[in-house]
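Here is a brisk report on a two-chain model. Please look over the sequence and the structure before reading on.

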Amino acid sequence: MIALRIGLAALFLMVAVTVQTSVLSNFAVAGVTCDLVLIVVIALALSRGPEWGAITGFTGGLLLDVVPPADHTAGRWALALAIAGYVAGLIRRETSAGPVGPLVVAATVVLGATLSLFIYSATGSLLHDPSVDWGEFGVRLGIAAGYDVVGAIVVIPPVMWVMGRVVAARERRRVLP
Amino acid sequence: MLKDLGSPTARSAFRSAGEAPLRSAGSPGTVRRRRTVLVLVVLACFTLIVLDARRSAGSPVDPVREAAASVFGPLESTASSAKQPVDNLRDRFAEMDRLKAENEKLKRENEKLHQDLNTTDYARNRAAELDRLLKLAPAYAMTPARVIGIGSAQSFNHTVTIDAGTADGVRADMTVLNGDGLVGRVVRATQATATVLLIGDRNSTVGGRLNASMALGFVSGRGEVGGTLDYKLVDLKARPRVGDKIVTWGSSSNAPYVPGVPIGVVTSVTANQGALGSTATVKPYVDPTRIDTVGVVTGPPARTPRTQLKPSTTEGKGS
């Protein structure tokens with residue numbers, strides 16, 4: 001079961017990276033594309049918790065760092081998405097008394113987009129990357145967050161549904177009366 | 001869709017099979033494990049950043065990049081073939097808008113315009129682009145390539161992936177252009193893909209020559225989505241004029257830029273604050289959001305024959 005879950009997560013991430021770099025860039029709004037990888041990471045974190053959020057965020061971000069056309073220092077998106085995934089997992093835990101509602105999911109996506117973009121830009125500034133432009137940061141973050149919420153409506157329910165199906169029988173028995 | 005999300009059945013999708021009661025307590029053990037994972041992951045990220053930050057000495061992450069490109073390059077080219085209907089759609093929408101404007105003025109020509117609309121074909125556009133490419137730089141050996149991945153504005157990178165790599169003779173520091181003008185240069189090439197740094201990126205600087213006065217200067221990117229460029233002349237007293245055209249002046253042994261490729265046109269000139277000289281804003285000929293077919297200059301120009309001019313021959317001709 002665990003192997004199946006990890007395989008599924010890896011598959012989701014690979015598809016997300018491919019689609020984000022080559023297909024979604026054609027639907028860019030003012031150059032900003034939908035952060036599909038971030039959305040998938042948040043979906044996985046919401047269904048499995050902070051550890052999964054951190055690890056899948058690291059993996060997905062690392063892919064974004066090394067898959068062409070990336071040309072920045074590797075590890076920046078990895079750090080940003082790992083922390084965003086971890087925080088998303090914590091939100092899942094905080095509200096775990098009841099099921100996660102759509103509003104909480106949307107808020108998590110906006111928070112994740114803000115966190116990840118801020119960390120990515122901040123590490124760029126620390127490394128003296130001249131391409132980071134804080135003047136443009138607000139506009140791009142606004143567009144990205146809005147776009148991500150739209151993407152999340154389409155992506156998060158199926159991903160969470162699939163991840164919910166592959167829960168180990170032992171775990172399911174203990175949870176469902 | 002939103003309404004569906006609110007209904008109890010759809011909500012259950014968010015519940016992850018209700019493992020909440022199982023783990024919600026957060027016993028000390030799980031909290032400790034959770035934090036360990038976070039610390040390990042963050043440390044791994046910092047290690048990566050430190051390892052990769054020094055580009056000059058050859059980064060240890062490069063093999064990872066190569067491997068990722070070899071896996072994701074084919075995936076990206078496959079996925080971007082899904083672009084064809086999208087492009088047709090986009091062209092179709094653009095045509096529709098035009099039709100509506102025309103309709104108000106010339107309703108009778110509607111049918112003819114519809115015919116135009118249907119014949120607007122992706123393949124034909126690409127053939128036209130290739131034609132223009134050949135006209136622009138006839139002297140160089142070119143490798144045509146297609147854009148299969150575009151960097152997003154969130155990451156502040158203005159880079160694209162093309163589907164030609166070392167197998168096609170593409171190497172780092174080669175000029176990339178299309179039918180309109182200069183696109184950028186290759187920064188990294190793998191077996192089947194290459195990464196191109198666009199001239200609009202803040203990391204990019206190109207030597208540019210004013211067509212009108214042959215004055216030399218430097219064109220640097222501003223990092224804007226539209227690809228607007230800044231142009232500074234070497235000679236501080238010279239002033240570019242609005243409407244001046246800028247071409248590359250080329251680098252030694254044609255790497256990374258070959259000479260004579262059009263870059264853009266000056267749209268405004270402002271004096272530098274508190275310093276000599278002036279900065280011109282340049283609108284590039286290439287729209288960075290719409291590049292599709294590009295050419296990589298892979299071969300040297302056919303060397304122009306340079307025979308010595310001897311006084312005797314010129315005298316002979318003259319008399």
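## Around A:Val37

Apart from neighbours within four places in sequence, A:Val37 is in contact with A:Leu13, A:Ala16, A:Val17, A:Gln20, A:Gly60, A:Leu64 and A:Leu81. Contact here means that the C-beta atoms of two residues, placed from the backbone, lie within 7 Å.

The model is predicted: local features need pLDDT of at least 70, side-chain atom pairs count only at pLDDT 80 or more, and totals for chains, interfaces and linings use all residues. Residues are numbered from 1 along each chain as its sequence is written, while chains are lettered from A and ligands numbered from 1 in the order in which they are written.

A:Val37 is among the residues with the most contacts inside the largest nonpolar core, along with A:Ile39, A:Val40, A:Ala43 and A:Ala82. That core has 69 residues. A nonpolar core is a set of buried Ala, Val, Leu, Ile, Met, Phe, Trp, Tyr and Cys residues joined through C-beta atoms within 7 Å. Buried means that 20 or more other C-beta atoms lie within 10 Å of a residue's own; 12 or fewer is exposed, and in between is partly exposed, with C-beta atoms placed from the backbone.

Two or more residues each come from helices H1 (2-23), H2, H3 (50-66), H4 (76-94), H5 (102-126) and H6 (134-165) of chain A, together with H4 (28-53) and H5 (62-80) of chain B. Helices (H or I, at least four residues) and strands (E, at least two) are DSSP runs, numbered from the N terminus. The largest share, 12 residues, is from H4(A). Apart from this core lies another, of 42 residues, including B:Leu210, B:Val261, B:Ala280 and B:Val294.

## Helices of chain A

Helix H2 of chain A covers residues 36-48. It is largely enclosed by the rest of the structure, because 13 of its 13 residues are buried. From first C-alpha to last, H2(A) reaches 18 Å, close to the 18 Å expected at 1.5 Å a residue. The expected span is 1.5 Å times one less than the number of residues. Just after H2(A), A:Gly49 takes a positive phi of about 105°.

The 22 residues of H1(A) should span 32 Å at 1.5 Å a residue, and the end C-alpha atoms are 31 Å apart, which agrees. Buried residues in H1(A) include A:Leu13, A:Ala16, A:Val17 and A:Gln20. What covers the buried residues of this helix includes H2, H3 and H6 of chain A, with H5 and strand E1 (141-150) of chain B.

An unreviewed UniProt entry places the feature "transmembrane region" at residues 74-91, 103-123 and 143-164 of chain A. UniProt positions are given in the numbering used here, feature names are shortened, and annotations may be inferred rather than shown by experiment. Two of these spans compare as follows.

## Strands of chain B

Chain B has 9 helices and 12 strands. Of its 319 residues, 34% count as buried.

Which residues cover the two faces of E5(B)? B:Ala194, B:Val196 and B:Leu198 lie on one side, B:Thr195 and B:Leu197 on the other, and all are buried. In a regular strand the side chains alternate between the two faces of the sheet. E5(B) covers residues 194-198.

E5(B) pairs with two strands. Strands pair if DSSP finds at least two bridges between them. Strand E2 (residues 159-162) of chain B joins E5(B) in the antiparallel sense over 4 bridges, with B:Thr161 opposite B:Thr195. Strand E4 (residues 182-189) of chain B is antiparallel to E5(B) over 5 bridges. There, B:Gly184 stands opposite B:Leu198. A hairpin through 4 residues joins E4(B) to E5(B).

Elsewhere in chain B, 6 strands close into an antiparallel barrel in the order E6-E7-E8-E11-E10-E9. Within chain B, strand E9 (residues 245-248) and strand E10 (residues 262-271) run antiparallel, joined by 3 bridges. B:Ile246 stands opposite B:Gly264 in E10(B).

B:Gly207 is found in strand E6 (residues 205-210) of chain B. B:Gly207 counts as partly exposed because it has 18 C-beta neighbours inside 10 Å. Its contacts, not counting residues up to four places away in sequence, are B:Leu216, B:Phe218, B:Thr248, B:Trp249, B:Ser251 and B:Tyr257.
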